[in-house]
Amino acid sequence: MKRSIAVDESGLVEKSPIFQQHNGRITLWALRILLRLNLRERFLKHHNVLSMAEIMQPTGLMDYFDADVYGENNTLKQTVIDMDKQLVELEKQPLPEKDVLRANIQLLGQSLPLTEVEVDLLHVAVSFHQNSGLGFLADMVGELNNQQTRQILAVILGRSIEQIDEVLSANATLFSSGLLRPYTSYGSQDPLRQKLVLPDTLLSALSKPYQDNASILASFFTQSNPARLTPDDFNHIEKDFSLIQKYIATGVKNNLCGVNILIYGAPGTGKTEMVRTLCEIDELKLHEITMQHENGEPVQSAERFSVLKLSQQLLARADASVLLFDEVEDVFPLMENNFFGSSRSSDMKKAWVNNVLEENKIPTFWLCNSTHQIDPSYLRRFDFVLKLRPLTSQVRLRILKKYLSALPVSEQWLMSLAEHEHLVPAVVERAAKVASCLHTEGVENIEQVLDKIIGNTLEVMGLAGGARKKASQNTQYRLDYLNADADLRALCEGLGQAKSARICLYGAPGTGKTAFAHYL
């Protein structure tokens, strides 16, 4: 069926099927790209009309390329005339107040100081990536340098170049918050979409409707779980614990910028629990940076810095907030050796990373298992660095009693398990969870179940499954059986008075070195 475009007496286009489908911002931006950037002839002459109808459907311009709607014999000249009339009409009409995407951007704006121009620019940037038709048109613009990019955006959004320059400055909200990533190197030529780099986490978060501001913020960070441990469980690092606690409390109270604490150590040594305990002391609100998208896919390491930076800005006006950024060894660039033996970082923008470390508005705990791959230029920017070593047997015993308090196990068994130097809180907590679900009866049976669960976990980690055995206190021992180059009896008598010494014992295997230490 052939249809034509109706024009009223004033010469303006009436409400035809073309306008009824998409009479909003996407259509307006698409027409400005085609007509104001002089792409119309290139677009209309060099693309198959049948495929164009499908490609342009998301922009609201499909009917211009659908022969059944617009007519088989429509000329290029008439198509351009009709498009131009539609553009004039759209620019006179008030734009729709909200769609799902714009509503989500404005929800973010409740936590960020976004101007109307910044909302427009973020809206069109996301649309370039999510709307296939508009993205197709954006790619047709060609490769641009940074200045050309700003000029093109001014035309598409109907804004002045000065307004675009202002919102795309390094200190403006879009870049400083991480909503947009930095441009490629100055002067480089790239397609328009590549000039507006957005974190995948943001694109994923903006794609579905939310009820309130708190719901969309959960896409970037979540409230941390309550602490399971107390300050007494960190007596083995009492001085470090106290220093960090006072510093974080002062940073929050005085709104200090650039407060960053790095805590590293083997998996399961209690890094996360330590941070939770520190924050609970002063009733601070601990938020953990998300590690997965809305669809469950993991957040790639390259964009986790952007999520951190955005979370910093989103929480900037929240009271008593602290951030926890876990597994950070994945987000820093790997150190590589070049031909001359010196190390260098990968192509991540070092200045931008340093800015994250030096100007963050919310105190942040950075956790990792190892620091060997982190560039020293990053490490020296942390205010406080703490290595968590394996717990002492006394601390392990206290934590065991806490985690296993709901299970009927004997004191003797707990003391024996606490002697295992590789046992960490995370393993105990998971073992307790499994054992609680099994409803095993009898102390001996429960202990056997826990031994099995813990032993299997330690085995897969490449660690010994049994507890460290103490030497028997009833061993018969005689000094005169030893062949030493010193008077061991006099040494023992002297130690009985001094109570402290450093002794080096050396000799062939089996000559009694360890036995002498136990004897002492």
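Reader: Is serine 111 buried or exposed?

Author: In this predicted model, serine 111 is found in the loop between α7 (100-108) and α8 (116-130). Buried means under 20% relative accessible area. The relative accessibility of serine 111 is 9%, so this residue counts as buried.

Reader: Which residues is serine 111 in contact with, leaving aside its neighbours within four places in sequence?

Author: Serine 111 sits in a loop, between α7 and α8. Once neighbours within four places in sequence are set aside, its contacts are Asn213, Leu217, Gln313, Leu314 and Arg317.

Reader: Is isoleucine 244 buried or exposed?

Author: The place of isoleucine 244 is in helix α16, residues 238-253. The cut-off for buried is under 20% relative accessible area. Isoleucine 244 has a relative accessible area of 1%, so it is buried.

Reader: What distance separates the C-alpha atoms of isoleucine 244 and phenylalanine 384?

Author: Phe384 is among the residues in contact with isoleucine 244, along with Ile261, Met274, Leu278, Phe365 and Leu386. Along the chain, isoleucine 244 and phenylalanine 384 are 140 residues apart. Their C-alpha atoms are separated by 7.6 Å.

Reader: Which residue in β10 is the bridge partner of isoleucine 263?

Author: Strand β4, residues 260-265, pairs with β10 in the parallel sense over five bridges. For isoleucine 263, the bridge partner in β10 is leucine 386.

Reader: At what angle do helix α18 and helix α19 pack?

Author: Helix α18 covers residues 301-314 and helix α19 covers residues 350-359. Their axes are 11 Å apart, and they pack at an angle of about 35°.

Reader: How many nonpolar residues are in the contact of α18 with α19?

Author: From α18, the contact is made by Phe305, Ser306, Leu308 and Lys309, and from α19 by Trp352, Val353, Asn355 and Val356. Sorted by class, the contact has two polar residues and one charged residue, and the nonpolar ones number five.

Reader: How many disulfides does a search of the whole structure find?

Author: Exposed means over 50% relative accessible area. Cysteine 257 has 52% relative accessibility, so it counts as exposed. Cysteine 437, at 54%, also counts as exposed. As for disulfides, the number found in a search of the whole structure is zero.

Terms used
Residues are numbered from 1 along each chain as its sequence is written. This is a predicted model: local features need pLDDT of at least 70, side-chain atom pairs count only at pLDDT 80 or more; totals for chains, interfaces and linings use all residues. Side-chain values use heavy atoms; hydrogens and water are left out. Helices (H or I, at least four residues) and strands (E, at least two) are DSSP runs, numbered from the N terminus. Buried means under 20% relative accessible area, exposed over 50%, partly exposed in between (1.4 Å probe, protein chains only). Contact means heavy atoms within 4.5 Å. Axes are lines fitted to C-alpha atoms, for helices over the stretch in contact, and angles run from 0 to 180 degrees between N-to-C directions. Ala, Val, Leu, Ile, Met, Phe, Trp, Tyr, Cys and Pro count as nonpolar, Asp, Glu, Lys and Arg as charged, and the others, Gly among them, as polar. A disulfide is a pair of cysteine sulfur atoms within 2.5 Å. Two strands pair if DSSP finds at least two bridges between them.
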